[in-house]
Amino acid sequence: MKPLSAVVIRRLETAARKAAKASYSPYSRFPVGAAILTDSGKVFTGCNVENASYGLCNCAERTAIFTAAAAGERGLRAVVVYTPTKTTTAPCGACRQVINEFGPDAIVISICDGKERTEQSLSALLPDAFGPKNLGR
Ligand code: THU
């Protein structure tokens, strides 16, 4: 797989920062924005959407991935997560599992308002993942 160009990565990062502005996070006060790149080259974004029934909160990454899936997209190449914090935030365990469904080879980039920037493969974040292959798919 060809590495992502700096232009595409910058586009994703800008989109993730913008997506966080729509975050609905009155309970945690922890806004998150995500931008994903699909195999077809499209960019989808999402933010975290919380609920008074706390267990129903949805992370920014899953909002973006489900939006892409609902648009018919399947393959996932990259996920960018932005938090307006001093240090970066990696996707939670549930989101790692959802990323694995569509992008077992995806790269995951976390950015913040500080200098820190992390970039790692989904397989490093979720080694020995359970996924479609376990069900013969
Ligand atoms: N959250 C995300 O949206 N993505 C992450 O990677 C970590 C956590 C959200 C869920 C919840 O709305 C808030 O951050 C605090 O956990």
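## Cys112 and its surroundings

Let's start with Cys112. Setting aside residues up to four places away in sequence, Cys112 touches Arg17, Tyr82, Thr83, Thr85, Lys86, Thr87 and Thr88. This is a predicted model, so take the contacts here as computed from predicted coordinates. Cys112 sits in the loop between β4 and β5 (117-121), and with a relative accessibility of 3% it counts as buried.

## Cys59, another loop cysteine

Cys59 lies in the loop between β2 and α2. At 22% relative accessibility, Cys59 is classed as partly exposed, since buried would mean under 20%. Leaving out neighbours within four places in sequence, Cys59 is in contact with Cys47, Asn48, Cys92 and Cys95.

Cys59 can also be placed relative to Ser23: the two are 36 residues apart in sequence, and their C-alpha atoms are 9.6 Å apart in space.

## How α2 and α3 pack

Helix α2 covers residues 60-70 and helix α3 covers residues 93-102. Their axes come within 9 Å and cross at roughly 25°. Angles under 35 degrees count as roughly parallel, so α2 and α3 are roughly parallel to each other. The crossing of α2 past α3 is left-handed. On the α2 side, the contact is made by Glu61, Arg62, Ile65, Phe66 and Ala69; on the α3 side, by Ala94, Cys95, Val98, Ile99 and Phe102. Sorted by class, the contact has eight nonpolar residues, two charged ones and no polar ones.

What about burial in the two helices? In α2, the buried residues are Ala60, Glu61, Arg62, Thr63, Ala64, Ile65 and Ala68, and their cover includes β1, β2 (43-47), β3 and α3. In α3, Cys95, Arg96, Val98, Ile99 and Asn100 are buried, and they pack against α2, β3, β4 (107-111) and α4. After α2 comes Gly72, with a positive phi near 95°.

## The nonpolar cores

Which residues touch the most other members of the largest nonpolar core? That core has 19 residues, and the ones in question are Ile36, Ile65, Leu76, Val79, Ile99, Val108 and Leu122. At least two residues each come from β1 (33-38), α2, β3 (76-82), α3 and α4 (122-125). Helix α2 gives the most, with four residues.

Not counting residues up to four places away in sequence, Ile99 touches Ile65, Leu76, Val79, Pro91, Pro104, Ala106, Val108 and Leu122. There is also a second, separate core of 13 residues, and Ile9, Ala15, Ala20 and Ala35 are among its members.

## Positive phi outside glycine

Arg29 has a positive phi of about 50° and is found in the loop between α1 (6-20) and β1. Is Arg29 buried or exposed? Arg29 is exposed, with a relative accessible area of 69%.

Asp128 has a positive phi of about 55°, again without being a glycine. Asp128 lies in the segment after α4, and its relative accessible area of 80% makes it exposed.

## Ala129, after α4

Ala129 lies in the segment after α4 too. Ala129, however, is buried, with a relative accessible area of 12%, whereas Asp128 is exposed.

With neighbours within four places in sequence left aside, Ala129 is in contact with Asn100 and Asn134. Asn100 is one of the buried residues of α3. Ala129 and Asn100 are 29 residues apart in sequence, and in space they are 7.4 Å apart, C-alpha to C-alpha.

Key
Residues are numbered from 1 along each chain as its sequence is written. This is a predicted model: local features need pLDDT of at least 70, side-chain atom pairs count only at pLDDT 80 or more; totals for chains, interfaces and linings use all residues. Side-chain values use heavy atoms; hydrogens and water are left out. Axes are lines fitted to C-alpha atoms, for helices over the stretch in contact, and angles run from 0 to 180 degrees between N-to-C directions. Angles under 35 degrees count as roughly parallel, over 145 as roughly antiparallel, 65 to 115 as roughly perpendicular and the rest as oblique. A crossing is left-handed if the near helix is turned anticlockwise from the far one by less than a right angle, and right-handed if clockwise. Contact means heavy atoms within 4.5 Å. Ala, Val, Leu, Ile, Met, Phe, Trp, Tyr, Cys and Pro count as nonpolar, Asp, Glu, Lys and Arg as charged, and the others, Gly among them, as polar. A nonpolar core is a set of buried Ala, Val, Leu, Ile, Met, Phe, Trp, Tyr and Cys residues joined through side-chain atoms within 4.5 Å. Buried means under 20% relative accessible area, exposed over 50%, partly exposed in between (1.4 Å probe, protein chains only).
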